[in-house]
Each structure stands twice: as structure tokens, then as C-alpha cells.
Amino acid sequence: MKNKTSYPSLFTYFCLRNSTNMQGKKNYSEKLFNHFQLSDRVPEDNFYRILKDSIDLRYLYKATSEYYGSEGQASIDPVVFFKLILVGYLENLNSDRKIISHSKMRLDILYFIGYDIDEELPWHSTLSRTRQLYGEEIFKDLFKEVLKLCVAKGMVSGKRQAVDSAYIKANASLDSVAEKEVLEDAVTYSDELKENDETKQTVSSRKQKEVNQHHRWKEKEYKDQPGHNSKPQGETDEHGNLIRAKFLSNHTHYSTTDPDARISVKPGKPRQFNYSAQVSVDTKAHVITNMMADFSDKRDSQSLAELVKQTKENLEENELQLQEVLADTGYSSGTALRFLKENNITGYIPNFGQYKNTREGFSYDNEKDEYTCSQGKKLVFKKITKNGAGYSFREYRSSRKDCGTCPLRSACIGTSWEKKFTDSVDKPYYDEMHERLQTAKAKRMKKLRSSTVEPVLGTLINFTGMRRIWTRGIEGAKKFMLMAATAYNLKKWLKYETRKVKQQMQVVKRVEKNEEKNSFIYFFSGHLLNTSL
């Protein structure tokens, strides 16, 4: 019985032993000498290999030569610097330190920047210092060179541009906020500003008082937002009143780490220090034709003139003419519309909410520049006034005699003596825009704008490393955003070329397939014809 039971177990043992002999096991031991060529390890269809063979950045040696002297230690290669910066945006990295550490582990990136696997890459601080060394014009020239490549591929029409903006987080937190020094002189304080330290900023006592009064009504609305606390602090002033935390304002507060950053907020998001990214995108293939960094406390309408001016210059350098601009309501202002009119550019910009095309119960005579009420009484132009914000308005008033005996007086003016209207001095521009927006083309342009520039901004922020600026100062923000736009256009340019070739191949295959199908039909129909004969 023991011998019978031992055979199956012995058989199983040999089976298991033979099966484990087929299991592979890799034993690693470093070689003292090895033959390795980086170009053999990077595939022909690799993105960075194609990019390396497609662009020539050797012109940067001459463009950056003025920034170097004849003595001292050799600096980083300018071409290597800009290639590393592009890698940061293409790989969606958010610091110079990550760019270097990431590049060390990628064979294709090493091949792109021209480094071998045993060469030490530059320190991350070298990238920061070199970025500060070069002027904005170097980054702008590189952006224009890539734009020329896109134009040469037929990706840019130049006729129609869609513009938009987005807040980009600055390299400063609300923990670095400081209150500006208050000066007693409420008129001018430039002399005192020059005498103060560079890290300190000043504000007039009159301006601070106006800001405090303006923001007092917002305390309840913003009591839970970062940087503001409306709860009593427990301390009292000389009059025995509880001291409350002050509302943060760009007029009275600034960042000690980045004085150029501005406090701004969008609905549903926390208040923070930001910069404004102003972008112009061609509607043909969604190529960025201009990228501009601006202060986030400025309105989009205040940035439109400079944005369009730079875009127009970039297009004219490529023999393209700007004709139409698509924008949202934030870019609507009399100054912006007047600028477009003077430069023969057609705008499609919805007027702001307070604009009124007509006034109920009143008609306007453009030639006489006067209003007429339903009772036939006139409201004539009196004078031009300015409001608290400095905007100019045309004032129209009726006669007291006409309103005194009017049967609709109580419903029209109540207890006032006369009827008064105020219209913006730029109302003709608003009226012209209103008429244009009623057309069917304007409705198509609205959809086209949202489908063109908004996805581009989303890609820049979420996938091209522009979610946060890791430089400081408005000059650093300009270089940062220009390089992000350059990397986006480069990637777009390479993909457009590949897509165009694929589309052509698909068309050829479709034509060949249709020819084969037609030949078969011709043969089959001829065969039937011969059979019937």
C-alpha cells in the first residue's frame, strides 16, 4: 500500500521540477565597457526626433551674443536653453528643477537637446538666471519664427482673429500681502514714492478712504474668502470700536514677493495674486498669433488695443491682413470700439449689459441730436459730464415748462423738475455694433469664437504648463507666456503636417477603392450584356 501511494507523489514532484526549469530569471550585472549610440535608440517617428530635424535654432547664437562678454566662464548653450524651456511646456512641467530631472530620464529629450547619456545637464538655477538675462525681444523673435512656419504650412489665414483672456496664478501667495504706506498728500506722491525703499509701495490717504468706502458693502459677501476676515478681532481703537480686518484691494495692498502681481478673482474661485494672459487665435487652424501678459486688475477692454496692435504687426510681417476680431462682452468699451473703427477692423463684440439701444417712450433724432417723448416734447443736448470713474457722457434735458403741465409727469419724472438722459459719448460705436450683432453672421461668429479661442486657453493652462507662473515680475510673465504659446504652435505645426499627409493618403485610398469598385461594376455589367447577346 505504501509503494502504491508513493508513485503519484513522486510523479508530481518530477512534473513540478521540470515545469520550474522553463521559468526565466534575469541576472543583471553592469558592464564596464559598453557600445551605445543614442541616435539608434530613438525611433524615427519619435516627436522630439522629428522636432529636432524640423527646426533650426542656430540663429539664436547671433541674437543672444550681445548678452555675453569676452571673459569669465562659458554659459549654457542658448539653443540648449530654449530647447529645455520648450520641453518644460511640451511635457507640462511646472518648474525648472522638474525640467532638468525629467530630461535626465528621457533618451529622446537628451537626443533633442544634443546631450549624451553620460553628460551632466545644466543646473536648474542656470535656466532661471538665463531667462532673466535675455530680453523679451529674444522670446518674441522665437515666437515669430514658429509663427512663420505655421504660415508657410497654410495654417493661418490672418483675416479673422478670436481673442480671450484668463487669469494665471502668479508666484505669490496671500501670505505675502502687505499694506501700502499711507501718505497725507492726496494729490501727488511721486516724490515720496522715489524716496521709499523699492520693496515698499504707497497710496494717498484720499485714495485709501475711497477704497475703504467702496469695499465696505462687500464685507459680508467676501467674509469667507481667503485673505479677508470680517469677524471682530477683539481689539478696540481709541474710540472703543471693534477693529475689523480690512478688505484686500490692489489700491491699498501689494505682494512683497511679486509687486507686479495683482489681486483678482473669478466667480466660484478663491482670490489670489494673478496675471492676465491675453491671447489672439487665428480661426483657420487655431494657431496662436499673439500672446501678451498684462496686469490682472485691468479690464479686458483696456488690453484690447495693445493686443490687436501686436497681432496686426505679427500678421503683417507674414503679409497677412487682419480684418475681423471676435471677442466677448468683457472687451466692450467705447475706447476699444473706437480703436477698431479707426484701424478699419470689423469687431464682433457684444455690448455690455448697461447699454440701451432705445429708450421706451422716447425717439432719438440723430441729425438734431435730441430726444422726443410720447407727448412731443424735446430733450435737447446740454453738456458733457463725467462720472466718478472718469467716463464722459452726453446729458440731455427737457424744459421745466413742458414737464410742469404734462399729464404723465408723475409716472415719468416723479417729483423731479425735468427729465434727464445721459448717453455715453461713444454711443454711435455701440449702436453700430448693436446693428451688426443682429445679423446671421454675428451669430455664427459667436459660436466660432467660443470654439476657437476657449479650447486653446484650456490646452495652455491644463496641458502646456501655464497653470501657474514660476517666474516673478511682469517681464518674467511675458517671457513665460510667450514660450508657452511657442510650444503650443510647434506642437500644432507638427501635428498639422502629419494630419495633412494622413488625409491625403485617405483620399488616395478612397479614390483607388472607388476605381476598383467602378471597374468591377463595369466588368460585371459587360459580362451580363455579352451573356444576353
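Q: Leaving aside its neighbours within four places in sequence, which residues is Asn-250 in contact with?
A: Contact means heavy atoms within 4.5 Å. On that test, Asn-250 is in contact with Lys-180, Arg-262, Ile-263 and Asp-297. This is a predicted model: local features need pLDDT of at least 70, side-chain atom pairs count only at pLDDT 80 or more, and totals for chains, interfaces and linings use all residues. Residues are numbered from 1 along each chain as its sequence is written, and side-chain values use heavy atoms, with hydrogens and water left out.

Q: Where is Asn-250 found?
A: Helices (H or I, at least four residues) and strands (E, at least two) are DSSP runs, numbered from the N terminus. Asn-250 is in the loop between strand E6 (242–244) and strand E7 (253–255). A polar atom of the Asn-250 side chain lies 2.7 Å from the backbone nitrogen of Ile-263.

Q: What is the strand order of the open sheet?
A: Two strands pair if DSSP finds at least two bridges between them. Here five strands run in the order E13-E14-E15-E16-E17, with antiparallel pairing. Strand E13 (362–365) and E17 stand at the edges, each with a single partner strand, so one side of each is left without a neighbour in the sheet. Neighbouring strands are turned by 35 degrees against each other on average, direction ignored.

Q: How many bridges join E14 and E15?
A: Three, between strand E14 (residues 370–373) and E15, in the antiparallel sense. Glu-370 stands opposite Val-380 in E15.

Q: How many bridges join E15 and E16?
A: Six, again antiparallel, between E15 (residues 378–386) and E16 (residues 392–397). Ile-384 has Arg-394 in E16 as its bridge partner. The hairpin has five residues between the strands, and Gly-390 takes a positive phi near 95 degrees.

Q: Which residue in E17 does Glu-395 stand opposite?
A: Thr-422. E16 and E17 (residues 420–424) pair over five bridges in the antiparallel sense.

Q: At what angle do the axes of H6 and H8 cross?
A: Axes are lines fitted to C-alpha atoms, for helices over the stretch in contact, and angles run from 0 to 180 degrees between N-to-C directions. Helix H6 (residues 96–104) and helix H8 (residues 124–133) cross at roughly 130 degrees, their axes coming within 8 Å. That makes H6 oblique to H8. Angles under 35 degrees count as roughly parallel, over 145 as roughly antiparallel, 65 to 115 as roughly perpendicular and the rest as oblique.

Q: Which residues make the contact of H6 with H8?
A: Asp-96, Arg-97, Ile-99 and Ile-100 of H6, with His-124, Leu-127, Ser-128 and Arg-131 of H8.

Key: Polar contact = N/O pair within 3.5 Å; in protein donor to acceptor, adjacent residues only side chain to side chain.
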